[in-house]
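Trainee: I have a model on screen and some questions about it. Can we go through the helices, the pocket and the charged pairs?

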Amino acid sequence: MKSYIEERAVEIANYIIQNNATVRQAAKKYGISKSTVHKDCTERLAQVNPTLAADVRKVLDVNKSERHIRGGLATKEKYLHLEYR
């Protein structure tokens, strides 16, 4: 694996842990796809830094368990701001 990919994976992992960020938030911040963030954090990081990979996995698992709640809140917000005629 190329060194810049390893560095990116570590940097993204640290961002996710420090900010309790979602994969989408990290992808937007670094200007890369969600797939790349996910692959960096789950596969590549495990080879580079297994301890950091385990910490990121905890945050990602919490985010995954809460995503149905976030989706419901987003839908609620959407319909609160619509004007009915």
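Mentor: First, a term: helices (H or I, at least four residues) and strands (E, at least two) are DSSP runs, numbered from the N terminus. This is a predicted model, where local features need pLDDT of at least 70, side-chain atom pairs count only at pLDDT 80 or more, and totals for chains, interfaces and linings use all residues. Residues are numbered from 1 along each chain as its sequence is written, and side-chain values use heavy atoms, with hydrogens and water left out.

Trainee: In which helix is confidence lowest?

Mentor: pLDDT is the predictor's confidence in each residue, from 0 to 100. The chain has a mean of 91, and 98% of its residues reach 70 or more. Helix H2 (residues 23–30) is highest, at 96. Lowest, at a mean of 89, is helix H4 (residues 50–80).

Trainee: Is asparagine 20 buried or exposed?

Mentor: Asparagine 20 sits in the loop between helix H1 (3–19) and H2. Its phi is positive, about 50 degrees, although it is not a glycine. Buried means under 20% relative accessible area, exposed over 50%, partly exposed in between (1.4 Å probe, protein chains only). At a relative accessible area of 52%, asparagine 20 is exposed.

Trainee: Which helix gives the largest share of the lining of the largest pocket?

Mentor: On a 1 Å grid over the protein atoms alone, a pocket is an open set of points where a 1.4 Å probe fits, with protein on both sides within 12 Å along at least five of seven lines; lining residues have an atom within 4 Å of a point. H2, helix H3 (34–48) and H4 each supply at least two lining residues. Among the lining residues are His38, Arg57 and Asp61. The largest share, seven residues, comes from H4.

Trainee: Which residues does the network of salt bridges link?

Mentor: A salt bridge is a side-chain nitrogen of Lys or Arg within 4 Å of a carboxyl oxygen of Asp or Glu. Aspartate 40 pairs with arginine 8 at 2.7 Å, N to O, and aspartate 40 lies in helix H3 and arginine 8 in helix H1, so the pair ties together parts that are 32 residues apart in sequence. Arginine 44 also meets aspartate 40, at 2.6 Å, N to O. The network links Arg8, Asp40 and Arg44.
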